[in-house]
Amino acid sequence: MRLRVEFTTEPFDLDEAPPHAVVAREVIQGAELDAVDVGPFGNTAEGGADEVLIAVDSLLRQALASGATRVSLQVNVIEEEVR
């Protein structure tokens, strides 16, 4: 099964990325995921179910420990390409 995760962390700071946002992006970029897209107002990544769930666990723990007061995320099952 493949999953797509979309997430944001708060509080926002438009002048510079807060520590919790930096940590969350580092977790996702360092995970064994593909199709990673990070941006100022939202982030997405796709991968196998185990890899996404491991990354989400680490993302939540580390972002909250780094000062996030809210983490909004959505996880969707996505269709796998027929080979």
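A residue counts as buried when its relative accessible area is under 20%. In this predicted model, Ala-68 has a relative accessible area of 8% and is therefore buried. Ala-68 belongs to the loop between helix H2 (49-65) and strand E4 (70-78).

What does Ala-68 touch, once residues up to four places away in sequence are not counted? The answer is Thr-9, Glu-10, His-20 and Ala-63. Looking along the chain instead, Ala-68 and Ile-78 are 10 residues apart in sequence, and their C-alpha atoms are 28 Å apart in space.

## The sheet

Let's turn to the strands. Four of them make an open sheet with antiparallel pairing, in the order E2-E3-E1-E4. Strands E2 (34-38) and E4 stand at the edges; each has a single partner strand, so one side of each is left without a neighbour in the sheet. From one strand to the next, the twist averages 20°.

How many bridges hold each pair? E1 and E4 pair in the antiparallel sense over nine bridges. Strand E1 (residues 2-10) is joined to E3 by six bridges, again antiparallel, and E2 pairs with E3 over three bridges, also in the antiparallel sense. E2 and E3 form a hairpin, with four residues between them.

Arg-4 has a bridge partner in E3, Glu-46, and another in E4, Asn-76. Glu-46 in E3 is also the bridge partner of Asp-34. Glu-6, for its part, stands opposite Thr-44 in E3.

## The two helices

Helix H1 (residues 19-30) lies across E1, E2 and E3, and runs at about 165° to E1. H1 also packs with H2: the angle is about 160° and the axes are 9 Å apart. That angle makes the two helices roughly antiparallel, since angles over 145 degrees fall in that class. The crossing of H1 past H2 is right-handed.

Asn-43 is found in strand E3, which covers residues 43-48. Is Asn-43 buried or exposed? With a relative accessible area of 6%, Asn-43 is buried, because that value falls under the 20% cut-off.

The side chain of Asn-43 reaches the backbone nitrogen of Gly-39 at 3.1 Å. Leaving aside neighbours within four places in sequence, Asn-43 is in contact with Val-5, Glu-6, Phe-7, Arg-25, Asp-37 and Val-38.

## Asp-34 and its surroundings

Asp-34 lies in strand E2 and counts as partly exposed, at 36% relative accessibility. Its contacts, leaving aside neighbours within four places in sequence, are Arg-2, Ala-45, Glu-46 and Gly-47. The side chains of Asp-34 and Arg-2 are joined by a polar contact of 2.8 Å.

## Two backbone details to check

Most residues other than glycine have a negative phi, and most peptide bonds are trans. With that in mind, two places deserve a look.

Ala-35 is found in strand E2. Phi of Ala-35 is near 55°, a positive value in a residue other than glycine. With a relative accessible area of 48%, Ala-35 is partly exposed.

The other place is the peptide bond from Glu-10 to Pro-11, which is cis, with omega near 10°. Pro-11 lies in the loop between E1 and H1, while Glu-10 is one of the residues that Ala-68 touches.

Notes: Residues numbered from 1 in each chain as written. Predicted model: local features only at pLDDT ≥ 70, side-chain atom pairs only at ≥ 80, totals over all residues. Heavy atoms only, no water. Buried < 20%, exposed > 50% of the residue type's maximum accessible area, 1.4 Å probe, protein only. Polar contact = N/O pair within 3.5 Å; in protein donor to acceptor, adjacent residues only side chain to side chain. Contact = heavy atoms within 4.5 Å. Pairing = 2+ DSSP bridges. Axes fitted to C-alpha atoms, helices over the stretch in contact; angles between N-to-C directions. Parallel < 35°, antiparallel > 145°, perpendicular 65-115°, else oblique. Left-handed = near helix turned anticlockwise from the far one by under 90°.
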